[in-house]
Amino acid sequence: MQSTLSKILFGLAGLLLLAAQASAAGAIRVPNAIWAADHLFGTVVTPTSFIAPPEHSVDTLYNFSMSGLQGQHSVSESYPGSPDFNGGRWSVKIAVFTASGMAALDANNDGTIDAEITNSTDLQAHVDAGHIEVMDTTIYFECPMLP
Ligand SMILES: [Ca+2]
């Protein structure tokens, strides 16, 4: 019992230490993070997040981390140079592959998408075809898109 509690507390301390290190570092550069308009942008992860911003002040970022397939980077509907780009302020949506989507996009059934979706137009086509379901979240955060 006490051993378990010690492990939990030790684990929490480790997490806090990691968070402190990330905070001290300020920002973490991540190359090749976000697809938009067939270009793979890098980003800088910062601890900046916010709650319920006005809809016009954010762009949609589709996250595939719980999609059911490996190998698909996030996809953005907007990007630097696009007239409606909000500078890297994001509203996150979760994209999940359906059974027909997995059959279509992972034909060799190895758990990794055969060819990545590289723009929001193609993503929407897959949604319309029933390959992807999109779920809203209340996750909002800021990270830039770097060429
Ligand atoms: Ca595959």
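**Strand pairing, core and confidence in the predicted model**

Strand β1 and strand β4 (residues 74-76) run parallel and are joined by 2 bridges, where strands (E, at least two residues) and helices (H or I, at least four) are DSSP runs numbered from the N terminus, and two strands count as paired if DSSP finds at least two bridges between them. W35 stands opposite V75 in β4. The model is a predicted one, in which local features need a pLDDT of at least 70 and side-chain atom pairs count only at pLDDT 80 or more, whereas totals for chains, interfaces and linings use all residues. Residues are numbered from 1 along each chain as its sequence is written.

The open sheet comprises 6 strands in the order β2-β1-β4-β3-β5-β6, with mixed pairing. Because β2 (39-45) and β6 (132-142) stand at the edges, each with a single partner strand, one side of each is left without a neighbour in the sheet. Neighbouring strands are turned against each other by 35° on average, direction ignored. Helix α3 lies across β3, β4 and β6 and runs at about 140° to β6, with axes fitted as lines to C-alpha atoms, for helices over the stretch in contact, and angles taken from 0 to 180 degrees between N-to-C directions.

The largest nonpolar core holds 19 residues, of which I34, A36, Y62 and V75 touch the most other members; such a core is a set of buried Ala, Val, Leu, Ile, Met, Phe, Trp, Tyr and Cys residues joined through C-beta atoms within 7 Å. At least two residues of this core are supplied by each of β1 (28-36), β3 (59-63) and β5 (89-97). Not counting residues up to four places away in sequence, Y62 touches S74, V75, K93, A95, L123 and V134, a contact being a pair of C-beta atoms, placed from the backbone, within 7 Å.

In strand β2, V44 counts as partly exposed because it has 16 C-beta neighbours inside 10 Å (buried: 20 or more other C-beta atoms within 10 Å; exposed: 12 or fewer; partly exposed: in between). V44 and L146 are 102 residues apart in sequence, yet 8.1 Å apart in space, C-alpha to C-alpha.

The protein chain averages a pLDDT (the predictor's confidence in each residue, from 0 to 100) of 86, and 83% of the residues score at least 70.

Definitions and conventions: Contact = placed C-beta atoms within 7 Å.
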